[in-house]
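Q: Pick out the packing in this one and give me a close look, please. Take it piece by piece, and spell out the cut-offs as you go.

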Amino acid sequence: MTDLLSADPAGHARAAALLRCGALVAFGTETVYGLGADATNAAAVAAVFAAKGRPHFNPLICHYPDADAAFGHVEPIETAHRLAAAFWPGPLTLVLPRRITCPVALLAGAGLETLAVRVPAHPTAQALLRAVDRPVAAPSANRSGQVSPTTAAHVLDGLAGRIAAVLDSGPCTVGVESTVLDLTGPRPVLLRPGGVTAEAIEAIAGRIGRPIPPAAAEAARGLRSPGLLVSHYAPSLPVRLDATSVGADEALLAFGPPLPGAGLAFNLSAARDLTEAASRLFTGLRWLDTEATRRGLSRIAAMPVPQTGLGLAINDRLQRAAAPRT
C-alpha cells in the first residue's frame, strides 16, 4: 500500500523517516511531483529506477534545502553562485563536477563525474529536505516516459503500490520540470528548457549554448541530464504537433481559440498565456489521454505554441511526447 500523507509537520516527519530508512516517497515541488530517495543510499536510488522502469543511464537530480548544502557536494564556479543567487530556491538545475568527498551514490549520477543539483522553492519540499537532512534524489514521480505528475492523484495513478508514500503538497504551480544548465564546459549549455527561461538565465550568465538534439543525447548513452530521452512525457495515444486543423477522431490540445471539429478539447490557455499553459500542460495531456481513449478517439492533436519564454519548455515536452515510441 502507498500512504497518502498530509503536508503538515506530522506528514513531513513521517515522510522524512521513510526516506532515511531507504523507502521511496513522492512529494510536490513548484515544478512537478518528484519521486524521492535518500541520494546517499545506493539501494534506495536503485529502487527509484525499479519503481519507474527507468533506464539506468539516465541521471537523477539531487535536491537540497539551500545553495550551501548543494555546493557542498559539487564544485561551483562563479557563474553557479550568481545563478543560485538569482534563481534558487526555484526551478533551475545546475550540472557541476562532483566533489571527491560527495556522498551521493554514483548510480544517482549515472556513474558520471558530474551531478545535477537543485534547490526547490515549494515550502513542502523545503520542509521535507530540512527534515531529512540528506540530499534527496528525485526524478518526476511517474513511470518512465509517461506524463509527469502535477498532483498527488497523478502520482497514485502510476505508482500506487510501488512506493511507500505520497506527501500531498497540492497542485504544482509551474507545471513543467526545472531548467537544466550544464556548467562544466567553457560556457553554459542549456540541456533541458524548463521553469526558468533561457532569456532570464542569459541576463545573469551571458550567452548560453542551446539544447542538444534529443536523438544525439540518447544515442550517446551518456546523458548528463534527466529528461533527454527522445520519447518522454508521453501519453498512450499518439500526439500530432502543430495542428492547424483537427479531425473528428482526434482530441485537441488547444492554445488560444480552439480549432473547430475536435471530438474532445483541453485548452492550455484561452488567453495564450505561456505561464498558464506550462502549469496546465501535463494535466491536459493526462486528461485528454484518459478521456480520448474512453471515447474511442485515436490521437491527440496539439496546436502550435510560440518558441519563446516558457514556450521553449512546453514545445520540448510536446516534441518528446510526440516522438516515436521505443
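A: Helix α4 (residues 78–87) packs against helix α7 (residues 198–205) at an angle of about 130°, and their axes are 9 Å apart. That makes α4 oblique to α7 (angles under 35 degrees count as roughly parallel, over 145 as roughly antiparallel, 65 to 115 as roughly perpendicular, and the rest as oblique). Axes here are lines fitted to C-alpha atoms, for helices over the stretch in contact, and angles run from 0 to 180 degrees between N-to-C directions. Helices (H or I, at least four residues) and strands (E, at least two) are DSSP runs, numbered from the N terminus.

Some ground rules: this is a predicted model, where local features need pLDDT of at least 70 and side-chain atom pairs count only at pLDDT 80 or more, while totals for chains, interfaces and linings use all residues. Residues are numbered from 1 along each chain as its sequence is written, and side-chain values use heavy atoms, with hydrogens and water left out.

On the α4 side, Thr79, Arg82, Leu83, Ala86 and Phe87 meet Ala200, Ile201, Ile204 and Ala205 of α7, contact meaning heavy atoms within 4.5 Å. By class, that contact of α4 with α7 has seven nonpolar residues, one polar and one charged (Ala, Val, Leu, Ile, Met, Phe, Trp, Tyr, Cys and Pro count as nonpolar, Asp, Glu, Lys and Arg as charged, and the others, Gly among them, as polar).

Another helix pair is α1 (residues 9–20) with α5 (residues 123–132), packed at about 50° with axes 9 Å apart. That makes α1 oblique to α5, and the crossing is right-handed. His12, Ala15, Ala16, Leu19 and Arg20 of α1 touch Thr124, Ala127, Leu128, Ala131 and Val132 of α5. The class tally for α1 with α5 is seven nonpolar, two polar and one charged residues.

Now the sheet. It's open, with four strands in the order β11-β14-β12-β13 and parallel pairing; two strands pair if DSSP finds at least two bridges between them. β11 (239–240) and β13 (264–267) are at the edges with a single partner strand each, so one side of each has no neighbour in the sheet. Helix α9 (residues 274–294) packs on the sheet, touching β12 (250–254), β13 and β14, and its direction makes about 170° with that of β13. Two bridges join β11 to β14 (residues 299–302), and Val239 sits opposite Ile300 in β14.

β12 pairs with β14 over four bridges, with Leu252 opposite Ala301. β12 also pairs with β13 over four bridges, where Asn267 is the bridge partner of Ala254.

Zoom in on Ala251 in strand β12: its relative accessible area is 0%. Beyond its neighbours within four places in sequence, Ala251 is in contact with Leu264, Leu288, Ala292, Leu297, Arg299, Ile300 and Ala301. Of these, Leu297 is 46 residues from Ala251 in sequence but 6.8 Å away in space, C-alpha to C-alpha.

Note on methods. A crossing is left-handed if the near helix is turned anticlockwise from the far one by less than a right angle, and right-handed if clockwise. Buried means under 20% relative accessible area, exposed over 50%, partly exposed in between (1.4 Å probe, protein chains only).
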